[in-house]
Amino acid sequence: QVQLVESGGGLVQPGGSLRLSCVASGSISRTYVMSWYRQAPGKQRELVAGITSYGSTDYGNSVKGRFTISRDSAKNTVYLQMNSLRPEDTAVYYCNYVGSSTVWGQGTQVTVSS
């Protein structure tokens, strides 16, 4: 079983930056995809960014050029660097792992407001 623990959310002003972290522990597959999703009130959960165990990345259209996903394999950690944050980025951000199982983190709140 894999467990995910997210951290790094908070309140930031428009134009600011935050970095989210997701630490995976347990029986991690050799091949996997780890992603960040977000869900704003009244909206569907959407993909923000994903990274494979090979290092390939993908981004949602609304965050391209502003957010960067990366990983530290030695620490089993995936990061989401969020720059130029906008009020519409406000949401609960969830870490997701897909390997031999699918696991979701508990979520971390990101609020962009002046």
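## The disulfide

A disulfide here means a pair of cysteine sulfur atoms within 2.5 Å. By that rule the count comes to one disulfide: Cys-22 and Cys-95, with their sulfur atoms 2.0 Å apart. Keep in mind that this is a predicted model, where local features need pLDDT of at least 70, side-chain atom pairs count only at pLDDT 80 or more, and totals for chains, interfaces and linings use all residues. Residues are numbered from 1 along each chain as its sequence is written, and side-chain values use heavy atoms, with hydrogens and water left out.

What hand does the bond between Cys-22 and Cys-95 have? The torsion about S-S is about -85°, so the disulfide is left-handed. Cys-22 sits in strand β3 (residues 18-26) and Cys-95 in strand β9 (residues 91-98), so the pair ties together parts that are 73 residues apart in sequence. Strands (E, at least two residues) are DSSP runs, numbered from the N terminus. Both Cys-22 and Cys-95 are buried, that is, under 20% relative accessible area with a 1.4 Å probe, protein chains only.

β3 belongs to an open sheet of four strands, ordered β1-β3-β8-β7 with antiparallel pairing. The edges are β1 (2-7) and β7 (67-72); each has a single partner strand, so one side of each is left without a neighbour in the sheet. On average, neighbouring strands of this sheet are turned by 15° against each other, direction ignored (axes are lines fitted to C-alpha atoms, and angles run from 0 to 180 degrees between N-to-C directions).

Pairing, by the way, takes at least two DSSP bridges between two strands. β3 and strand β8 (residues 77-82) run antiparallel and are joined by six bridges. Ser-21 stands opposite Tyr-79 in β8.

## β9 and its partners

Strand β4 (residues 33-39) runs antiparallel to β9, joined by seven bridges.

Val-98 has Thr-102 in β10 as its bridge partner, and a hairpin joins β9 to β10 through three residues.

Notes:
Buried < 20%, exposed > 50% of the residue type's maximum accessible area, 1.4 Å probe, protein only.
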